[in-house]
Amino acid sequence: MSNELLRIDQLSQIYKVKGKEFVAVKDFDLVLADEPASIITIAGESGSGKSTVARVVLGLERPSAGTVTYKGHDITTLDRFHRKQYRREVQAVFQDPYASYNPFYRVRHIFDVVIKNFDLASSKSAATDMIEEALAVVGILGTEVLHKYPHQLSGGQRQRMMMARAYLLKPRLIVADEPVSMVDASLRSMILKIMQDMRDHHGISFLYITHDLSTAYSTTDRLYMLYRGVTTEVGPTIDVIDRATHPYVENLVAAIPRVSARWEGRVALADDAEFEIDPRGSCPYAPRCPHRHDRCTTQAPDGYPVGPDHRSACFLHDPSGATYESSRPS
Amino acid sequence: MTAGTDIRDPLSTCDPASKMLEVRNLQVVYRTLQGDVSAVRNVSFDLERHELLGLVGESGCGKTTAAMTLLRLLPQAARIVGGEAIFDQRTDLLALNDEQLRDIRWRELALIPQGAMNSLNPMMRVRDQVIDGYRPSAGDTSVHKSEIVERAAELFSLVGLARRALALYPHELSGGMKQRVCIAMALVNNPALLVADEPTSALDVNVQRLVAQTLLDVKEQMGTSMIVIGHDMGLLAQLADRVAVMYAGTIMEIGPVDEVLRTPSHPYTRLLMDAVPEIGSDVKAVVTEGITHDLRNPPPGCAFQDRCPAAAEVCRTEFAPVELGNRHSVSCVRLGEFSLDDLWSSETSFTSGLSP
């Protein structure tokens, strides 16, 4: 545990909907090393459970099962001192840079509140210096923005200000939930570049939550692919995308529109009845999977190794299990 | 359609290669307290029958305004200052009065608005919403009920929705299904021209692909001409026949999708493409931040001059499209005088203040 900043063990989040259990996240494991800092992507489509993981890590929800430990302490049972440390060292940046500001206050207010709550500066000029330093990290001049109101800033500027606000506390980890999905395509690279700079020069790690694999591809270190609450594939980001082994991930990567190649073939979506499937007793992708076998609907696969530090939760890769001579048509 | 505006040539309508839409020198301003903002400046393009034109650019470049001008659905503050848009070689859309507009809109010109799937009425079955605007001929409001239901079922099968979905309410459908309901709704009168504003934004990639496939099927089977607005280059590369790249209200480059997006000729197109990270390529995305000129006071010459590393004296005064053939034109007077490779790599205008 000495070199672990964040560790998630067997995290499950189960919601009760109309008397039925809905498994939002099932047995999620993650280890984030203390050194060196890294950017970990948690990706999936809507309903995959990626934001639920983020909310649990931020302490906004208590997990139904499993633990989240930060520097060796379970985050649900922190004492006063460690809770304050956790609140300071783990920061959040959310999707909507328009909803993160109070429109009645000038932009500087978001920094002043943080400085006051954590008692970071002894004087106003010391506070100003701190704010300027944080803004420099995201490439903004304080004199240009601090006196303005939120509506006078662009979406890209607002999101960079949120990154600067998080940076102000010198955090060890930033949980960024879809930070670029509402930012213009041409400014996305800039936000991603800021994340890389913070990782490389300030030792800040990220849990980067996204549905867009192309933004994760060249910028992030590890990728966790979720589908209906289940971790389908985990590994170094580029390996998972370039050498996808789980049928779901293969299919998803093929559906990403690229400039350099046209889509091949046609797609069909299955009925939504499959939402009823309980991932605790089967593979959630079985209804759509071209390689489906009887075993997939009666048993949940584990993560089987498919490469260096790369695991895939599909029976096709079960070294002990039966291999299938031919795949059954769905 | 009143007789006065009908200048249709009966022969030309049979020619599949003929023009569906001819836009010339379109100019739109938004009135603000600080003066008029030019949102669309001298935009001209042609759209052929059965053609899908992609309109791309950053937010604020005028792509939505340009398209909404054609439908005459601009907000109050906007004013069309000049230009014409000849539809089907017979009608100038910008010169129609309200009554003529009512006849042509939704029957011949249809729209899938941005975030369409959130615009469905939660209290109505989707079937009733799809056929609400069904007008087989101008001004005709008396359509037989069975005919209506048949039409809705036809459209649902076209967009790949099950017949049983007809009787459902919007909350019973997924996002992708709702978006396809909106496509069906726009097609109810078999329009000749369909404008779709970001038709797949906010959808997961698998669903996005399905909706894109639906649009292509519609184009194939109904021969609809389309203008699709978007900023996802990868998606437009799948959908479009031709692409127009807009910047600060001006078309910078327009031409066949393969030429424009895969081998850009204009520095701005190149920048836009380089800013998009692409899976499977190890080329680092370019990061630049530039200040666009004050849109109330556009400088003479090229609209991109303030951000273009290749800008020279001539760019401050001159601006004209250069025709490359194959209906491809590039608005850069210095075209061919410099190489687009390495235009940005040597000077990255964004520094985060962190480089050690």
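## A first look

How many helices and strands does chain B have? Chain B has nine helices and twelve strands, where helices (H or I, at least four residues) and strands (E, at least two) are DSSP runs numbered from the N terminus. This is a predicted model, in which local features need pLDDT of at least 70 and side-chain atom pairs count only at pLDDT 80 or more, while totals for chains, interfaces and linings use all residues. Residues are numbered from 1 along each chain as its sequence is written, and chains are lettered from A and ligands numbered from 1 in the order in which they are written.

The predictor's confidence in each residue is its pLDDT, from 0 to 100. Chain A averages 88, and 93% of its residues score at least 70. Take care with residues 324-330 of chain A, where pLDDT stays under 50.

## The two sheets of chain B

Let us start with the open sheet of four strands, whose order is β2-β1-β4-β5 (chain B) and whose pairing is antiparallel. Two strands count as paired if DSSP finds at least two bridges between them. At the edges, pairing on one side only, are β2 (35-48) and β5 (91-92) of chain B. Eight bridges link β1 (residues 19-32) and β4 (residues 78-87) of chain B, and B:Val28 stands opposite B:Ile80 in β4(B). Helix α1 (residues 63-71) of chain B lies across β1, β2 and β4 of chain B, at about 70 degrees to β2(B). Such angles run from 0 to 180 degrees between N-to-C directions, with axes fitted as lines to C-alpha atoms, for helices over the stretch in contact.

Another open sheet has eight strands with mixed pairing, in the order β6-β7-β8-β3-β9-β10-β12-β11 (chain B). Its edge strands are β6 (109-112) and β11 (322-325) of chain B, and the twist averages 20 degrees from one strand to the next. Helix α5(B) packs on this sheet, touching β6 and β7 (193-197) of chain B.

## Buried residues and cores

In chain B, 42% of the 356 residues are buried, meaning that 20 or more other C-beta atoms, placed from the backbone, lie within 10 Å of a residue's own. A nonpolar core is a set of buried Ala, Val, Leu, Ile, Met, Phe, Trp, Tyr and Cys residues joined through C-beta atoms within 7 Å. The largest has 101 residues, and B:Val243 and B:Val245 have the most contacts inside it. Helix α5 (residues 175-186) of chain B gives the largest share of this core, seven residues. A second, separate core of 89 residues includes A:Met161 and A:Tyr285.

## Where the chains meet

Residues are in contact if their C-beta atoms, placed from the backbone, lie within 7 Å. The contact between the chains takes 36 residues from chain A and 40 residues from chain B. On the side of chain A that touches chain B, α7(A) gives the most, with eight residues. That side has 17 nonpolar, ten polar and nine charged residues; Ala, Val, Leu, Ile, Met, Phe, Trp, Tyr, Cys and Pro count as nonpolar, Asp, Glu, Lys and Arg as charged, and the others, Gly among them, as polar.

Helix α10(A) has buried residues including A:Tyr248 and A:Leu252. The buried residues of α10(A) pack against elements of chain A, including α8, together with α6 (205-222) of chain B.

Conventions: A residue is buried if 20 or more other C-beta atoms lie within 10 Å of its own, exposed if 12 or fewer, and partly exposed in between; C-beta atoms are placed from the backbone. Two residues are in contact if their C-beta atoms, placed from the backbone, lie within 7 Å.
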